[in-house]
Amino acid sequence: MTIKTLTFGCRLNAYEGEVVKREAEAAGLGQLEGGAVIINTCAVTGEAVRQAKQSIRRARREQPNARIIVTGCAAQINPDDFGAMDEVDLVIGNEDKLKASSYRALPEFGVNQFEKVRVNDIFEVTQNAPHMVDSIEGRTRAFVQVQNGCDHRCTFCIIPYGRGQSRSVPIGGIIDQVKRLADNGYSEIVLTGVDLTSFGPDLPGKPSLGVLVQKILVQVPSLERLRLSSIDSIEADEALFDAIASEQRLMPHFHLSLQHGDDMILKRMKRRHLRDHSIEFCQTVRDLRPDASFGADIIAGFPTETEAMFENALSIIDNCGLARVHAFPFSPREGTPAAKMPQLDRALIKERAARLRAKAASAWQQHLKKFDGTVQTVLFEKDGIGRTQDFTPVFVDGSVARAGAICAVQVLNNDGERLIGRHAAPVAAQ
């Protein structure tokens, strides 16, 4: 039989999903009669938890004899909640999911006398060893974990309780993993973590994220593209700015964890930046790299948000020159301080989220227009779909470029969602 993995949530979870599958296979889980389904959950929103539970029930209906194992952030935070589900055979924590030993010695199917919930205290984990993978299934770009956990306590966020304290992967292990993936044909690597810009202080010499970026690009010259996942701009260091200015292989797209544009709301969120910090960061990066583009997460309807405060959330899109905005309606997470704050009416939150999405759509339209008539370097993914260096999607009808190929594309226009281009020619590796 086979092992099926279902991963929800962030890029870090996607990377860990590959490790989970490999370790479960090493433990012989795929040899069990009926096979196994491993659900790697996310806890960032209540909707993510609901979807995970829905998938668990569906998996049991579709594979009645399979072992169903639940792990990930939601399982780490509320293990007994998942353990109470009749469909679930085993619940394991975020750290143990990466170990083959966690999947061994499962009882015969249907045996009831068994420790079903095996979740340890995530805050006791103090180190982050590298986990080597050869590929990321179904993807043309690969993720590499450089950091895990978070030492900050934003009032709306439950994730630190699923990931533990911040801990960094040693630089040598990261570089070895990047080399391995580049040698296996991946043209683009994405560095990922729970709080990416907090990388380094717990390592010897206290290297920064910028130092890591520079070392990767020097020591892995065959890597054509290096990309960063979501960053906290207030933690950007001088070495990172230097890399942005001088390293063309560092992709010019930066997704920022802004969350809001009003100083009072940012303080109530317990964020470490203010509105002007975000604007200054974007301008600094744009001065260093004129082709840079920016995305951000913004929450609508945070507790105590007035109309004037919400207007500041809308205007930060223009002030920062954001191209992409992930708009989230505020949803209280049990166990967080924000859940105890005075809540806005759900209808008002929904209305503001709709306005935020409309503003985001307008910003995206403006972003697409600037590409008309230009030639862009595109990493192809599948079926004529690729991404520019700043991660804008491009469609080239009839393209024969293989997945993973980097080509020059003449941009003709756009369809409101993506660029429409004409295939030109492969681009030689830098």
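The structure is a predicted model, in which local features need pLDDT of at least 70 and side-chain atom pairs count only at pLDDT 80 or more, while totals for chains, interfaces and linings use all residues. Residues are numbered from 1 along each chain as its sequence is written, and side-chain values use heavy atoms, with hydrogens and water left out.

Helices (H or I, at least four residues) and strands (E, at least two) are DSSP runs numbered from the N terminus. Pairing requires at least two DSSP bridges between two strands. Strands 6 and 9 run parallel and are joined by 5 bridges. Gln145 has Thr192 in strand 9 as its bridge partner.

Helix 7 (residues 209-219) was examined next. Its buried residues are Leu209, Gly210, Leu212, Val213, Ile216 and Leu217. Seen down the axis of helix 7, these residues fall within an arc of 160°, so they line one face of the helix. The arc is that of the directions from the helix axis to the C-beta atoms. Buried means under 20% relative accessible area, exposed over 50%, and partly exposed in between (1.4 Å probe, protein chains only). The buried residues of helix 7 pack against helix 6 (171-183), strand 9 (188-192), strand 10 (225-228) and helix 8.

Leu226 is in strand 10 and has a relative accessible area of 0%. Beyond four places in sequence, the contacts of Leu226 (heavy atoms within 4.5 Å) include Ile189, Leu191, Val213, Ile216 and Leu217. Arg249, Leu250 and Met251 are also in contact with Leu226. Phe199 sits in the loop between strand 9 and helix 7. Phe199 is buried at 2% relative accessible area. Among the contacts of Phe199 outside four places in sequence are Val146, Ile171, Ile174, Leu209 and Leu212.

Charged residues were then considered. A salt bridge is a side-chain nitrogen of Lys or Arg within 4 Å of a carboxyl oxygen of Asp or Glu. By this rule the count is 23. Lys97 and Glu16 form one, with the closest N and O atoms 2.9 Å apart. Lys97 lies in the loop between strand 4 (90-92) and strand 5 (117-118) and Glu16 in helix 1, so the pair ties together parts 81 residues apart in sequence. Lys97 is buried, at 0%. Glu16 is buried as well, at 1%. Glu23 and Arg22 form a salt bridge at 3.0 Å, N to O. Glu23 is buried at 15%, whereas Arg22 is partly exposed at 30%. Asp96 and Lys99 meet at 3.5 Å, N to O. Asp96 is buried at 15%, and Lys99 is partly exposed at 37%. A network of salt bridges links Arg141, Glu188, Arg225, Arg227, Glu381 and Arg387.

Glu247 presents another case. It lies in the loop between helix 8 (238-246) and strand 11 (253-259). Glu247 is buried yet has no salt bridge. The nearest side chain of opposite charge, Arg249, is 4.6 Å away. Here Lys and Arg count as positive and Asp and Glu as negative; His and the chain ends are not counted. Leaving out residues up to four places away in sequence, Glu247 touches Leu217 and Arg289.

Backbone angles complete the description. Most residues other than glycine have a negative phi. Lys206 is not a glycine, but has a positive phi of about 50°. Lys206 is in the loop between strand 9 and helix 7 and is exposed at 63%. Lys270, also not a glycine, has a positive phi of about 65°. Lys270 falls between helix 9 (263-269) and helix 10 (275-288), in the loop, and is exposed at 53%.
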